[in-house]
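Colleague: I would like to learn how to read the contacts between two chains from coordinates alone. Could we go through an example together?

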Amino acid sequence: MVQPLNLLKETPSQTAGPYVHIGLTANYAEIKGIYPEDIGAVMLTDKTKGERIKITGRVIDGAGTPLRDPVIEIWQADANGLYNSPEEKRGKADENFLGFGRCACDLETGVYSFETIKPGAVPFIDGRMMAPHITFWVVARGINLGLHTRMYFGDEEEANASDPMLSRIEQQVRMPTLIAERKGDTYHFDIHLQGDKETIFFDI
Amino acid sequence: MSDFENKPGVPENGAFFPRDLEMHPPAFYPDYKTSVLRSPKHARLSLNNTISEMTGPVFGHNMLGELDNDLIHNFAEAGQSAIGERIIVYGKVLDERGVGVPGALLEVWQANAGGRYRHKKEGYIAPLDPNFGGCGRVITDEQGNYRFRTVKPGPYPWPNRVNDWRPSHIHFSIFGHAFAQRLITQMYFEGDPLIWTCPIVATIPDKRDIERLVAPLDMANTIPMDARAYKFDIVLRGRRSTYFENRREGN
């Protein structure tokens, strides 16, 4: 026998199930009085720096039906491209912006929405700049392992064209599934779990 | 910088170990019927971590309320408590290197002792417990330890096949130090025969990995005349130290 590596294995994932709201958005699930507020429900204060934007959309299944039970989390840099995290070594992020959001899709319509700021660009591994983007994570009944994706901004064509991650996508025909369309101050970003318009999901 | 040794104090700030997708459930698992239309057909696009995945939000202990880790009392009327088997669930959050993860946020949710969830889309005939909400949260200490108190959830029936019943389980959501570690899973209870009939459990390919979700009864940590104890350790992705990589961002 060779020597053991002594590594543990990651705990296996399981679906979040249909009642994920009880644990992640208790107040939204009308379980009042335990937590003063749901974490990630409000991302901004008056002091947060940056351009105010809204992101909205739906999660759609392989039959074209919007899911009404997902919870979506987002993680993003501040307006200067700094993450509010101890792992951020390039500078101090906006102290009035956590960069984390969490939203349950509407139990009737399936629509989600975030009010946040447009993030600045952050560097790729080799130091080249990535285009502004927001990391998305989707969990729901029927999803066995949370799905990672990214939203890029439709009005950042030049930056998107030179983004090191987007350029790694072999099937460029699928790349538009990661680009949100701007209308006024709102970006529209639907996530397709399956089918012709299937969103690109990442193993990061 | 050219240090080969794996010595304490060397920052673990490289990429996370790749996720073993063979060990996790596949997206498409037809016996769990909802997965059929909610599973991507394309393969995931595998890419190295960037700073976007190697960072994550931090939730401080000051966020927590006094009863956040006490599901027996956090929704109960004054002087009341939830009905059911009183238990303590405790354990440690580790990374794949076996190092404790301090400051991890755990959020848990569950049904009550009769298997009924407090949720408007839930229609099971078992009644709600007026003194049980079903959610709690806790942040790990400096060694990665956590504990909370609750009642043991009952099994519940669900519309998959005609007569499917979930084993007793507690849902766990875990934030480690980076978004790449984000994980949701379920904890089961030692000895529950329903574990081996459940199509959601069976999405995990290897029985030995399923067993890692089964919490053993721990009579040593049971509080006499009060509550039994179950131990549930959780392993998040580990990461490399950066001995050789480009350090233009500094560390």
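Colleague: Is B:Arg182 buried or exposed, and what is its relative accessible area?

Modeller: Two remarks on conventions come before the answer. This is a predicted model, in which local features need pLDDT of at least 70 and side-chain atom pairs count only at pLDDT 80 or more, while totals for chains, interfaces and linings use all residues. Residues are numbered from 1 along each chain as its sequence is written, chains are lettered from A and ligands numbered from 1 in the order in which they are written, and side-chain values use heavy atoms, with hydrogens and water left out. Buried means under 20% relative accessible area, exposed over 50%, and partly exposed in between, with a 1.4 Å probe and protein chains only. B:Arg182 has a relative accessible area of 2%, so the residue is buried.

Colleague: Which residue does the side chain of B:Arg182 meet in a salt bridge?

Modeller: A salt bridge is a side-chain nitrogen of Lys or Arg within 4 Å of a carboxyl oxygen of Asp or Glu. Here the partner of B:Arg182 is A:Glu73, at 2.7 Å from N to O. Because B:Arg182 lies in the loop between β8 and β9 of chain B, and A:Glu73 in strand β2 of chain A, this pair joins two chains; strands (E, at least two residues) are DSSP runs, numbered from the N terminus. A:Glu73 is itself buried, with a relative accessible area of 1%, and also forms a salt bridge with A:Arg102, where the closest N and O atoms are 2.8 Å apart.

Colleague: Where do B:Lys120 and A:Glu30 stand, buried or exposed?

Modeller: Both of these residues are exposed, and their side chains meet in a salt bridge of 3.1 Å, N to O.

Colleague: How many salt bridges does the rule find across the interface of chain B and chain A?

Modeller: The rule finds 9 across that interface, and the count over all chains comes to 28.

Colleague: What area do chain B and chain A bury between them?

Modeller: Buried area is the accessible area (1.4 Å probe) that two parts lose on being put together, summed over both. For chain B and chain A this is about 7700 Å², with 59% of it on carbon and sulfur atoms. B:Arg38, B:Leu47 and B:Phe179 supply 11% of the area that chain B buries against chain A, more than any other three residues. If contact is taken as heavy atoms within 4.5 Å, 88 residues of chain B are in contact with 79 residues of chain A.

How values were computed: Helices (H or I, at least four residues) and strands (E, at least two) are DSSP runs, numbered from the N terminus.
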